[in-house]
Amino acid sequence: MDGAIAADEARNEADWKVGVDIGGTFIDFCALEANSGRVASLKVLTTPEDPGAELMTGLTLLAEREGFDPKRMTRFVHGTTVGINTIIQRKGAPLALFTNAGFEDVIELARLRMPDMYSLFCSRPDPLISRDMVFGIPARMRADGSESQAPDMAVVASAVAAAKADGAQGIIVSFLHSWRNAAQEAAVKATIARHAPDLFVFSSAEVWPVIREYERGSTAILNGYVHPRVSGYLTALEERLKDRSVPARPMLTKSNGGLMNAAEGKRACVNMLLSGTASGVIGASWLARQAGEDQVLTLDIGGTSADFALIIGGEAQFGTGELIGEFPLHIPSVSVSSIGVGGGSIASVDAQGVLRVGPESAGSTPGPACYGRGGERATVTDAMVVCGWLGHSEMAYGQLRIDTGLAHRAVGELAARLGRPIEQTAQAILDIAVSEMFVEVEKLASRAGVDLRDFTLMPFGGGGPMLGAFLARELGMKRVMAPRRPGVVSALGGLVADLRGDFIRTIFSPLSDMSLAGIGEAFEALAREGRDWLAAQGHDGEAELNLSCDMRYVGQSYEIEVVLQPQWLTDGNAVAIAQAFHLTHEQLYDFHDPDGEIELVNVRLSAIGAGPKLSLPEAEEVEVAAIPARRLPVYTGLNVETVDLYERQALVAGSKFHGPAVVVQEDTTFAIPAGAQARVDRHLNLLLTFPEQSHV
């Protein structure tokens, strides 16, 4: 009786912080009880037909298995793929675009760039708003912000009626030079609201007030396209949490690696389009810092894709222009490169008899053949099963049992078409998957100007540890670090993320002593906006304000972002700003022009409110040889070898062993190739090192 009372008291005093990330196949949970440091994790299969239902299933399972109490949840952070999937599947809201008369083709013309200039069959994607739903409004704002022609509101009213008649659910207003003066967009938006209060309206200047009408307009279109589905999803999420008596205010992970509240997420939907991939990188960078790793290549493999990012100096890298499906996203986001190769990627033989892998995926329904959920086509996961790396324990916290017979049947059909043994066919599928990732990673390294041999690979996601070590070996990387719970790193990223809001203002000014006052005023205005934003998110602590400018040499078409120190503006130090630009230009392009005239285009500010200071327990390392649970046959590429299988929960800090080997755990399986030396560190990360002679 006393024990039961003590357990109830402990539960009542619990402080649960929960991170959730929804992927294409699984929803991941990472729950931290802050008082004890205990971590609970879980994976649940997604329900595409009812997004969000799996969230309630996961909370119920956590309560049953881990003693988790939703009423004691003080932090709830959520990442979702609802927005990006809406764009990829083109299931967004029917929209109309109101723009200046004579500029109706801006969205279709875009930047006149082809996705692949060397392909004879390359084509650009169809715009999210068809040309017949673009309405030209007689109006003109000059580049200096003065009005040349007021909007013709009679034409606006007529266009609203036509848009509604053609089935538009929302309207995007994007006029020339609204970055300088948004009055015309605001006036047209107000007129639309009077004539059609049932339509939602977004103006380009309120979504992202940046120069260049295509980038500003396309960002607003993305925001409007996903708005109904994202807003509806978040409303249902809030209701479901309320029904479970969850007191925590739901927060959402953003594309920039930060957080925002759900109320803003319903309005600023574009900010969360890359939330899942971004939070994975944030979680990985936090784990890397904990382990003392400051140069890391992250590899996040899920069911449908593989995502790569660089962590340099312990920090994630940021940029603009990340692709959302087929469309560029022009707001700041964590720099991530993706390729359509995941655990569920389907292998096929084309008309020429060539084996191919992806980008089509089996997803969660029906999933790989070996899941026994109706899938019949061979996938990367099935190939891992046939080779013997996978299928020796339950997967996804006991929710999946691998059917090796179904995997052999699916891969066997391809083998028969190719006229090759089944093991060789399975190995070929894995080799193709690794080679496609290799090409994408090499592109990333070239763009960043880094030598990957100086980096540590961190594989995570359900599929990262399956293929990560093989990719590292091909890249010539010396180290691999797999976290204790690789399958829920994205969910962890939400737990450790900060509030982060990005703000921008176009100033278009030469860099000189005379222009510094205007630059300082712009930064002060953005600083006030940033502090107000943090307050609206419920943050009452210190605000970290990071300043930067988009700058270029006069005559250049595009600019680069340069980090600035506030003291340079306070002191009126134009020389320091110029030197920072020259240095950044040199680092990116290997040259600079010390006599070149410099132009400032945009000023940027990131307002950051620090999240909770969390830490995971550490263990003292005691060097000991790991004891395998059993041995099993694995096809390693040339022949079948008998390799050791280890259970992750039995490996203690200091455990050592060598490859080839298989490590099984509740959320993934780690395949370790020959030549790798393995060790468990004090954070229970599994570290692999490759001797020099094993590099390819």
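E559 is buried, with a relative accessible area of 18%; buried means under 20% relative accessible area, exposed over 50%, and partly exposed in between (1.4 Å probe, protein chains only). The model is predicted, and local features need pLDDT of at least 70, side-chain atom pairs count only at pLDDT 80 or more, while totals for chains, interfaces and linings use all residues. Residues are numbered from 1 along each chain as its sequence is written, and side-chain values use heavy atoms, with hydrogens and water left out.

E559 sits in the loop between β26 (544-553) and β27 (560-564). Helices (H or I, at least four residues) and strands (E, at least two) are DSSP runs, numbered from the N terminus. The side chain of E559 makes a polar contact of 2.8 Å with that of R212. A polar contact of 3.3 Å joins the side chains of E559 and R552. Such a contact is a pair of N or O atoms within 3.5 Å; within protein, one must be able to donate a hydrogen and the other to accept it, and residues adjacent in sequence count only if both atoms are side-chain atoms. Neighbours within four places in sequence aside, E559 is in contact (heavy atoms within 4.5 Å) with R212, D550, M551, R552, V601 and N602.

Side chains of opposite charge can pair when their charged atoms come close. A salt bridge is a side-chain nitrogen of Lys or Arg within 4 Å of a carboxyl oxygen of Asp or Glu. By this rule the count is 21. One of the salt bridges pairs D198 with K164, with the closest N and O atoms 3.2 Å apart. This pair links distant parts of the chain, 34 residues apart: D198 lies in the loop between α6 (183-195) and β10 (200-203), and K164 in helix α5 (residues 153-165). D198 counts as exposed, at 54% relative accessibility. K164 is partly exposed, with a relative accessible area of 36%.

R500 and D502 also meet through their side chains in a salt bridge (3.8 Å, N to O). R500 is buried, with a relative accessible area of 16%. D502 is buried, with a relative accessible area of 16%. A further salt bridge joins the side chains of R679 and E621 (3.0 Å, N to O). Here too distant parts of the chain are linked, 58 residues apart: R679 is in strand β35 (residues 677-680), and E621 in the loop between β28 (598-609) and β29 (624-625). R679 counts as partly exposed at 28% relative accessibility, as does E621 at 36%. Salt bridges that share partners join R212, R552, E559 and E599 into one network.

Helix α15 (residues 489-496) is mostly covered, with eight of its eight residues buried. They are V489, S490, A491, L492, G493, G494, L495 and V496.

The structure holds three cavities of 30 Å³ or more. On a 1 Å grid over the protein atoms alone, a cavity is a set of points where a 1.4 Å probe fits but cannot get out; lining residues have an atom within 4 Å of a point. Grid points are joined across faces, edges and corners, and a volume is the space filled by probe spheres set on the points. The largest cavity has about 90 Å³ of space. Its lining includes L97, T99, N100, F103 and E104. β5 (95-100), α4 (106-109) and α8 (213-243) each supply at least two lining residues. β5 gives the most, with three. About 50 Å³ of space lies in the second largest cavity. E104, D105, I107, E108, P127, I129, S130, R131 and V134 line this cavity.

Key: On a 1 Å grid over the protein atoms alone, a cavity is a set of points where a 1.4 Å probe fits but cannot get out, and a pocket is an open set with protein on both sides within 12 Å along at least five of seven lines; lining residues have an atom within 4 Å of a point.
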